[in-house]
Amino acid sequence: MFIQIFIAIFIGVFLGIITGLIPGIHVNLISILLITLSPILLSYTNPIVLSILIIALSTTHSFLDAIPSIFLGAPDADQALNVLPGHKLFLQGKGVEAVKLTVIGSLLCLITSILLVPIFIPIVTYLHPLIKNYIGYLLAILILFMILKDKTLKKILKNIFIFTLSGTLGLIILTSNFKDPLFPMLSGLFGTSTLIISLTETNNIPIQSFKETLEIKYKSIIQAISGGTVAGFLTSFFPGMGPAQGAVLASQFTKNIGDYGFMILVGGINTVNFVLSLITFLILNKARNGAVIAVSNFLPKLTIQILILFLASTLLIGGIATILTLKISKIFAKIISKVNYQDLVIIVITLITCLVFALTSFSGLIILIISTFIGILPPKLNTPRHHSMGCLLLPITLFLIL
């Protein structure tokens, strides 16, 4: 099985490169395909090996998905908040260094979260029974905090408008019989909408530098890693709460870390979310993460011994993903400086549209179009994009409360 595990890691890393670099192709899509093919795959291997393949896929993706976010302005939902500071550095010719900041966050938060696993296990074991009947209300409080944290009434009203609009969209879509609604909805809210805005506002691409010019204080790095780890714990513990919401909450308690520190924070949250989702699966037997849901299809029950194997594999994969992300970002930087940016964006939008149609038919295209229009509104209204995650938070909160 030792050799099979290494083969699974290799295949998972390769698939993670694909999902991380191509906007619109998400980990969940590949996971669903693997689940569909599992009767065939399990005749050649076992559930643990398939689970490690998905872990390799998800971990690698969490490192590499910063590249399209920064170089194309085309993130998945997990990297939505990195678009502004990351793309800004890219337009200054510092795209490679921007990616490096997210890699620092991913790797250090991965190591920190694994070291804290012995502490998180008793916390989850003790805390969940106390608050399980109040999770919906706690989510509602967190939502109110994110909406009302702005000091002016005008900004608060804009936050309410975007959250309510996207939340209503989510309610309609998630309570209907749409096929795989999350893919077109999130692609529209955070992918094609960002690309369309980028298409209209970006004129040229500067030559990308490979020199070390960014400076960040160690104190800011420590604050960012601490905030990313805590936020990752919250997103793994509360259903429907994603890295974007976790980043907003963490940023309230990690003041003065700047854009660079914030990129480290956001870069690490998604990686921590995956690791700690394994803990919630172990203790609560509930999957809070798309990749962990896929793992639960192969392993209905997780044991401490298997968890240790998974965490050891994740550390190895994290090291591989770090090297790959840094090298691929340099290749990206060299290529993107030589292409027409507008043509590139049009190709990416076309690819996402074709994928949506192929996977979800005409109903998916309708969702994509509506979601794209809603996704364009936050930047135009000068409102944070994370309020568009109301598409998931509102339906889940209402489900838990009602």
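Author: This is a predicted model, where local features need pLDDT of at least 70, side-chain atom pairs count only at pLDDT 80 or more, and totals for chains, interfaces and linings use all residues. Residues are numbered from 1 along each chain as its sequence is written, and side-chain values use heavy atoms, leaving out hydrogens and water.

Reader: Which element gives the most to the nonpolar patch?
Author: Phe2, Ile3, Phe6, Ile7, Phe10, Ile11, Leu316 and Ile320 make a nonpolar surface patch of about 810 Å². With six residues, the top contributor is helix 1.

Reader: How are helix 6 and helix 15 oriented to each other?
Author: Helices here are DSSP runs (H or I, at least four residues). Helix 6 (residues 95-115) and helix 15 (residues 304-336) pack with axes 10 Å apart, at an angle of about 175 degrees. Angles over 145 degrees count as roughly antiparallel, under 35 as roughly parallel, 65 to 115 as roughly perpendicular and the rest as oblique. Helix 6 and helix 15 are therefore roughly antiparallel.

Reader: And how does helix 8 lie against helix 9, parallel or oblique?
Author: Helix 8 (residues 135-148) and helix 9 (residues 153-174) have axes 8 Å apart. Their packing angle is about 130 degrees, which makes helix 8, relative to helix 9, oblique.

Key: Axes are lines fitted to C-alpha atoms, for helices over the stretch in contact, and angles run from 0 to 180 degrees between N-to-C directions. Helices (H or I, at least four residues) and strands (E, at least two) are DSSP runs, numbered from the N terminus. Patches are made of residues with over 30% relative accessible area and no salt bridge: like charges are joined within 9 Å, nonpolar side chains (Val, Leu, Ile, Met, Phe, Trp, Tyr) within 5 Å. Accessible areas come from the Shrake-Rupley method with a 1.4 Å probe; for residues, only the protein chains shown count as cover. A salt bridge is a side-chain nitrogen of Lys or Arg within 4 Å of a carboxyl oxygen of Asp or Glu.
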